[in-house]
Amino acid sequence: MFDWFKKKKPAEPGPVPASGADTAAPASGDGPAAAPADAAATPVPVAAAPLAPEPSAAPPSSPASDTPAPLPAQEGGWWGRLRQSRFAAGLRGLFSANPKLDDALLDEIETVLLGADVGVTATTQLVEDLRTRMRAREFADAEALRRHLRGALLALLTPVAKPLIVDPARAPFVILTVGVNGVGKTTTIGKLAHRYLGQGLKLALAAGDTFRAAAVEQLRVWGERNGVSVVAQGQDADPAAVIFDALQSARARGLDLLIADTAGRLHTQQGLMAELAKIGRVLAKLDASAPHEVLMVIDGTTGQNAVNQVRQFLAAAKVSGLVVTKLDGSAKGGVVFALAREFGLPIRFVGLGEKLDDLREFDPEAFVDALLPARLGADAPAA
Ligand SMILES: Nc1nc2c(ncn2[C@@H]2O[C@H](COP(=O)(O)OP(=O)(O)OP(=O)(O)O)[C@@H](O)[C@H]2O)c(=O)[nH]1
Ligand SMILES: [Mg+2]
């Protein structure tokens with residue numbers, strides 16, 4: 001099972017070009033109808049290659065069938081980071097000590113799930129299902145219960161494991177990132193650029209966060225790291241105009257992908273929320289199907305709060321996919337289950353660190369296997 005996971009892991013991209021980052025000249029700020037202001041942007045210094053759609057998710061194993069996975073040889077990487085979270089430690093701790101099959105075990109499972117912000121509804125459903133089956137003597141032992149729990153957790157996540165396909169027929173494909181302040185939008189853009197460059201796509205970034213002085217500069221740094229151009233107009237420019245110009249430029253340059261940053265915002269900031277809708281309207285003047293993906297970024301450490309955030313953003317923007325960041329070490333990673341249950345929105349990626357390659361396509365099987373031990377008593381909880 002772990003071998004399968006390793007196979008599925010996307011190939012690490014090749015070296016990032018050392019130079020070539022450039023920034024478009026500041027535009028006049030005439031608004032979206034203005035002529036493209038970023039003609040100064042130079043071509044992205046990556047080898048031209050055919051668009052490579054992402055691999056589709058492998059079919060999950062059925063909840064019923066569960067063969068104990070061999071333990072991974074080493075704890076490094078994505079797998080290891082999830083396993084070391086407090087959420088994983090809680091579940092693994094329960095099953096590592098050969099627990100008795102009794103109500104106390106169910107209570108402990110419930111406590112761990114609630115503590116990890118799986119949410120009251122999902123937790124109650126999971127635990128009551130286990131209780132019913134336990135009373136009906138469906139489980140011969142705690143190992144049988146563990147297997148069933150694994151299947152039930154997987155069944156919650158499998159429907160939302162839909163990878164983001166950057167459709168070459170819709171180039172330049174536009175990804176608009178949205179979310180509240182500090183969740184990791186800009187960092188995720190840097191990671192996405194790295195990922196798609198590695199797949200041979202030609203891309204640019206749009207500095208649609210004109211709210212904070214440092215935001216454009218932060219995106220430029222990610223542009224430089226990746227060797228891709230950043231279309232910007234500076235602070236206080238109209239974000240819709242910036243992204244519109246960026247799309248015009250991306251078209252003129254024959255790019256495959258444009259990834260746009262936006263300012264962090266709260267649902268109570270109505271002006272800022274309305275701005276998201278405006279960006280969509282303005283882009284549609286150039287391409288009726290843009291933005292092709294509204295990627296909402298969520299901080300995995302905020303727990304149930306994230307559920308409220310998605311609800312608010314869904315009302316204001318056509319959110320089409322989620323990225324859950326900061327799952328490295330988060331005690332609240334259970335929110336992934338709550339989000340899956342509540343919205344059924346595709347979870348495209350998870351963020352597991354601050355570096356360029358710390359973004360992974362969401363893989364429910366690897367996720368669940370990082371939380372539960374491969375079998376009873378298989379391993380001790382992570383420290
Ligand atoms: N540990 C960890 N930190 C992350 C991850 N993603 C982002 N961060 C950190 O979270 C902080 C905020 O990231 P940003 O990318 O600036 O967040 P943002 O959503 O763009 O913030 P605003 O533009 O202010 O709304 C930074 O310190 C990042 O390094 C992740 O997956 N894991
Ligand atoms: Mg930002």
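**Entry 1: the loop with P172**

I looked up P172 and found it in the loop between α6 (142-157) and β1 (173-178). I am working from a predicted model. The peptide bond that leads from A171 into P172 is cis, and I noted an omega near -5°.

I then went to P291, which lies in the loop between α10 (270-286) and β5 (293-299). A290 and P291 are joined by a cis peptide bond, with omega about -5°. I wrote both bonds down because most peptide bonds are trans.

**Entry 2: the whole protein**

I stepped back to the overall figures. I have 13 helices and 8 strands listed for the protein. The protein has 383 residues, and 51% of them count as buried. For contacts with a separation of 6 or more, I noted that residues 24 or more positions apart account for 80%.

**Entry 3: D117**

I went on to backbone angles. D117 is not a glycine, yet I read a positive phi of about 65° for this residue. I marked this down because most residues other than glycine have a negative phi. D117 sits in the loop between α4 (103-115) and α5 (120-135).

Is D117 buried or exposed? I count 28 other C-beta atoms within 10 Å, and the threshold for buried is 20 or more, so D117 is buried.

I also looked up what D117 touches. Leaving out residues up to four places away in sequence, I have G303, Q304, K332, G334, V335 and A338 as its contacts.

**Entry 4: K326**

K326 is another residue other than glycine with a positive phi, here near 60°. I placed K326 in the loop between β6 (321-325) and α12 (335-343).

**Entry 5: helices α11 and α12**

I turned to the pair α11 and α12. The axis of α11 (residues 305-316) comes within 9 Å of the axis of α12, and the two cross at roughly 35°. I noted the crossing of α11 with α12 as right-handed.

Which residues of α11 and α12 make the contact? From α11 I listed A306, V307 and V310, and from α12 I listed V335, A338, L339, E342 and F343. I sorted the residues of this contact by class and got 7 nonpolar, no polar and 1 charged. V335 and A338 of α12 are in this contact, and they are also among the residues that D117 touches.

**Entry 6: ligand 1**

Last, I looked around ligand 1. Which of the 19 residues around ligand 1 come nearest? I have G184, T186, T187, G264 and G351. Helix α7 (residues 185-198) gives the largest share of the shell, with 3 residues. By class, I recorded 3 nonpolar, 10 polar and 6 charged residues in the shell around ligand 1.

Conventions
Residues are numbered from 1 along each chain as its sequence is written. Chains are lettered from A and ligands numbered from 1 in the order in which they are written. This is a predicted model: local features need pLDDT of at least 70, side-chain atom pairs count only at pLDDT 80 or more; totals for chains, interfaces and linings use all residues. A residue is near a molecule or strand if its C-beta atom, placed from the backbone, lies within 6 Å of it. Helices (H or I, at least four residues) and strands (E, at least two) are DSSP runs, numbered from the N terminus. Ala, Val, Leu, Ile, Met, Phe, Trp, Tyr, Cys and Pro count as nonpolar, Asp, Glu, Lys and Arg as charged, and the others, Gly among them, as polar. A residue is buried if 20 or more other C-beta atoms lie within 10 Å of its own, exposed if 12 or fewer, and partly exposed in between; C-beta atoms are placed from the backbone. Two residues are in contact if their C-beta atoms, placed from the backbone, lie within 7 Å. Axes are lines fitted to C-alpha atoms, for helices over the stretch in contact, and angles run from 0 to 180 degrees between N-to-C directions. A crossing is left-handed if the near helix is turned anticlockwise from the far one by less than a right angle, and right-handed if clockwise.
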